[in-house]
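I opened my notebook to look up how charged and aromatic side chains pair up in this one. Here is what I went through.

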Amino acid sequence: MLLNHHYTKQVYDQLAKRYPYQREYLQAVHAFLEAVDPIMASKPTYQKQAILERLVTPERIISFRVPWMDDQGQVHLNQGYRVQHSSLLGPYKGGLRFDASVNEGIMKFLAFEQTLKNALTGLPLGAGKGGSDFSPQGRSDQEIMRFCQSFMTELSHHINEKLDVPAGDIGVGEREIGYLYGQYKRLKGVELGALTGKPIQANGSLGRRQATGYGLIYFLEAMLAADKKTLEGQRLLISGTGNVGLHAALKAQEKGGLVVALSNRSGSLYDPEGLDLDCLTSLKEGGRINLAAYKGHYPQADFSTASIWARPIEAEIALPCATQNEIDAQMAQNLIDHGVHYLAEGANMPLNLDAQHVFNQAKTMTWAPGKASNAGGVAVSGLEMSQNAMRQSWSLDQVDQELQTIMHQIFDTCQAACQDYQLGKNYAAGADLAAFNQVVAAIEAQGLV
Ligand code: NDP
């Protein structure tokens, strides 16, 4: 969809001119501008206040080198980042990603999306994102620890529990957060709330590990319930066998869904009778699940190096939980052609712009944007901050109840925005508009910031 209003066009064109190579950042901003474009005509003061420019531009970008030594004594240098996008609603909050693909544009897109996502949670959380182009894959535990210590030696200058509270993302799980927190403590002293996603043994929250995947299913259930449907008997396709994908699969199965296909970087695995998730989790090698090895246990299963989204698999629900832009327009059409009616994003921006447009035009398709449906992780991070501040440790059940409440509230917020703006079931636009209104209110309340 094109931008129609002169102000949204101007904001996008300026960014595209200034950051021509930051593809993902431009894409995330464009998708957001498409959603707010129709209301700009009724808000002429926004341009004078430079509301959109202030919303899409990070407050601060920190970029630093990370020297570390491998097990053979070879020294490596990676690039580290922390994008402190917005402190309007609270301390900067958002994960760290360790992946070879990381660059400044990807960090900026994630930090921008995080701003809208955190607003939707209703918690007092600003937004940031960080990480490095270091890939933990194939690295020993000792190498990962040395990298994390070096990364934190620099990052510790820029974070603390009142200012900026990082958590995990791709390539950063409890192990990495544990090493990062250990180093932070050596440098700055005990400060429980400086990071979230911590291991339970280091004052983490029960339920944080599962939160994004479980939260995704709670959101999906609310979306289905609005159409008087449940997960019972529905076939699901899920990409990603990491933190988000696996926990989403387990919760979907618990709710009566049938997970027929899963994928990771190696390829995709399909079993029309439903995958045995216990068997799959037992196939973990070096932190990753060996999907191809599943065939040794279930010969009828079909492993392929093809993308899960390109395969002709019949299913009702798709949950992309791997990475950005994993679904293009052709894949989106493939999903529609094979019966998929619902999609909820576990990953951040897994649909490219063309795929979003294909889904928006398809009458049979309802989809939820990650900034709403994957907000469970940051929501429970917020609960971890509360527990740390109160020196409390809540039960798994209490955290899970809070998570369900928050995910249902986020769905209600998106639905209400869809009603207010007559968007039908365009939850992506509803989420953007609801978050936008909240952030604009915070901008207006705080003056020229
Ligand atoms: P993990 O590192 O735990 O798992 C990522 C999974 O995605 C792995 O199975 C990995 O494959 C697969 N994957 C990653 N990159 C690619 C790629 N380029 N092509 C194919 N498969 C790929 O990360 P998370 O589960 O934490 O994060 C997944 C997504 O969810 C990301 O988009 C993240 O931003 C988003 N997210 C995460 C949150 C969290 O709390 N962790 C919160 C909100 C969003 P392999 O196993 O082969 O490495």
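My entries below go from salt bridges to aromatic rings.

**Ground rules.** This is a predicted model, so I kept in mind that local features need pLDDT of at least 70 and side-chain atom pairs count only at pLDDT 80 or more, while totals for chains, interfaces and linings use all residues. Residues are numbered from 1 along each chain as its sequence is written, and side-chain values use heavy atoms, with hydrogens and water left out.

**Salt bridges.** I looked up the total and got 18 salt bridges (a side-chain nitrogen of Lys or Arg within 4 Å of a carboxyl oxygen of Asp or Glu). Side chains of opposite charge can pair when their charged atoms come close.

I began with Glu 113 and Lys 371, whose closest N and O atoms are 3.6 Å apart. Glu 113 sits in helix 5 (residues 104–121) and Lys 371 in helix 13 (residues 370–373), 258 residues apart. Helices here are DSSP runs of H or I with at least four residues, strands are E runs of at least two, and both are numbered from the N terminus.

Are these two buried or exposed? Glu 113 is buried at 7% relative accessible area, and Lys 371 is buried at 6%. For the cut-offs, buried means under 20% relative accessible area, exposed over 50%, and partly exposed in between (1.4 Å probe, protein chains only).

Next I checked Glu 384 and Lys 198, which meet at 2.8 Å, N to O. Glu 384 is in helix 14 (residues 376–390), and Lys 198 is in the loop between helix 7 and helix 8 (208–225), 186 residues apart. Glu 384 is buried at 0%, and Lys 198 is buried at 1%.

Then came Arg 175 and Asp 141, bridged at 2.9 Å, N to O. Arg 175 lies in helix 7 (residues 174–188) and Asp 141 in helix 6 (residues 141–155), so the pair ties together parts 34 residues apart in sequence. Arg 175 is partly exposed at 38%, and Asp 141 is partly exposed at 34%.

I also noted a network of salt bridges linking Arg 97, Lys 129 and Asp 169.

**Rings.** I found 15 aromatic pairs. Rings of Phe, Tyr and Trp (its six-membered ring) pair if their centres lie within 6.5 Å; planes under 30 degrees apart are stacked, over 60 edge-to-face, the rest tilted. Phe 98 and Phe 151 have centres 5.2 Å apart and planes at 75°, so I logged them as edge-to-face. Both Phe 98 and Phe 151 are buried.
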